[in-house]
Amino acid sequence: MDAALLLLADSRLPAGGHGHSGGAEEAVRIGAITGPEDLARFLRGRLATTGLVAAALAAAACAVGEAAGDDGGAYAEPGAGAWRALDAEADARTASPAQRGASRTQGRLLLRSGRRIWPSPALDALARAVPEGPHHPIALGAAARAAGCAPHDAALATAYNAITGPATAAVRLLGLDPVDVHRVLAGLAPDLERVARASCATTAWEDLPAHAAPALDLLAEQHLRTEVRLFVS
Amino acid sequence: MSANHEDRHQSPASLDRALRLGIGGPVGSGKTALVAALCRTLGPVLRLGVVTNDIYTTEDADFLRRAGVLDPERIVAVQTGCCPHTAIRDDIAANIDAVETLEERFGPLDLVIVESGGDNLTATFSRGLADQQIFVLDVSGGDKVPRKGGPGVTTADLLVVNKTDLAKHVGADLTVMSRDAAAVRDGKPVLFTSIREVPEVYAVAEWVHGVVESWAHARAHHPHGPAVPSTNA
Ligand SMILES: Nc1nc2c(ncn2[C@@H]2O[C@H](COP(=O)(O)OP(=O)(O)O)[C@@H](O)[C@H]2O)c(=O)[nH]1
Ligand SMILES: [Mg+2]
């Protein structure tokens, strides 16, 4: 459902995204991002690692409860067990405690808004199953489903989100020309589509992508310990 | 849509919670000083929580914690990613999360104060976040500010003009400010303060106490009603 996908991916979705830089603030602080070229490298790396992992988790969350059982197409409401198990898969793929915290905070905020925008039993069940807040990709996938999107859409929105958040943060922090930065994003569009397709290739949760990005983990940890910061993460 | 017990998340107008008071206004006008003063004066009679929206670091939250006016745990800081106005108006998710966290941890509360990060004269709180809002100006910005208006000055439930002790030094005419504010505010109240000289801010505290009482009264009489109490009486 294309219109729902646009709403979900829009940075104006009131779900707290504007407070998160996805490591970009710390990367700017230590001089790893100074302009559009190194921003592009940062985004490409982020998309290929945590972006792909998040997109695959979101696709899986979107597919939770779809067509359960052998009779094909029988719709089963996801139970708390399924949501907790998938959330644990996200936890296992998020090494840094700082990133875990940021992911759960964003997931909790998105779920709270999502439940009011697209009321659905599945989102209510997710909120009950993970009261401290599910990981962000899980919330995004579940909200995508509640909005009427397919798993591929959920993956695409999540991949998009993984690079647009840091890109916007870099614009604000460095005063980069926003048109330059949008050209960088446009250049990554084919990669976004590849990541979204790859995200839907796996059905067994334990086989979902698990690419690590140690540099992003370190940036996240260091960011939390930095005294002056404008972003939550 | 299922009926469940977490549905207070679904309804921002629900009365089953503390009154949420937004305090906005330009940087340096005395918002944090006012929050501290209100905590000092109302702390003994009301159950309070405070959310700050620091622009960077947790300066305001730290100041309030050091001031010893409130249990430090009841003061929560929200980071706004360079966008203080977004966090109180367009995407209030992080602030709602902070308010609800305070209520879950320390509730029931009577009043949660949300201090904005400070912005220009156009920044006001969303009605989804604040039930009532105070806009704080100070006289050192010049006595023309009320005449220029702007949504903060014209629509806030209470306008506070602070630092009257500086009026003589900056050549600000308080009579002019009072007359201009009355002209653009359509009868809504205006109070002049010098938090420096009268740290108890009696008149403002009395106004706040009044809106909290109407809120509690409405809560007692319409526990699930959508009505928001009127405070202009
Ligand atoms: N002279 C004077 N200074 C004040 C008054 N109220 C606050 N201040 C000072 O103004 C500065 C900014 O106050 P603060 O509360 O941090 O402003 P905020 O940015 O709006 O939160 C601080 O140095 C305060 O001590 C007042 O009534 N008179
Ligand atoms: Mg302040």
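Predicted model: local features only at pLDDT ≥ 70, side-chain atom pairs only at ≥ 80, totals over all residues.

Biologist: What makes B:Glu115 count as buried or exposed?

Modeller: The cut-off is again under 20%. B:Glu115 is at 3% relative accessibility and therefore counts as buried.

Biologist: How do you know which residues coordinate the magnesium ion (ligand 2)?

Modeller: Donors are N, O and S atoms within 2.8 Å of this metal. B:Thr32 (OG1), B:Asp60 (OD) and B:Glu115 (OE) lie at 2.1 to 2.3 Å, so they are counted as donors. Their spacing in sequence is T-x27-D-x54-E. B:Asp60 sits in helix α2 of chain B and B:Glu115 in strand β4 of chain B, 55 residues apart, and the pair links distant parts of the chain.

Biologist: Why are β2(B) and β4(B) said to pair?

Modeller: Pairing needs at least two bridges. β2(B) and β4(B) have five bridges, in the parallel sense, so they pair. Within that pairing, B:Val51 stands opposite B:Val114.

Biologist: What makes β3(B) a partner of β2(B)?

Modeller: Three bridges join β2(B) and β3(B), also in the parallel sense, and B:Val51 has B:Val76 as its bridge partner in β3(B).

Biologist: What makes strand β2 of chain B mostly covered?

Modeller: Five of its five residues are buried. B:Leu48, B:Val50 and B:Thr52 are on one side, and B:Gly49 and B:Val51 on the other.

Methods:
Residues numbered from 1 in each chain as written. Chains lettered and ligands numbered in written order. Heavy atoms only, no water. Buried < 20%, exposed > 50% of the residue type's maximum accessible area, 1.4 Å probe, protein only. Helix = DSSP H or I, 4+ residues; strand = E, 2+ residues; numbered from the N terminus. Donors = N, O, S within 2.8 Å, 3.2 Å for Na, K, Ca; no water.
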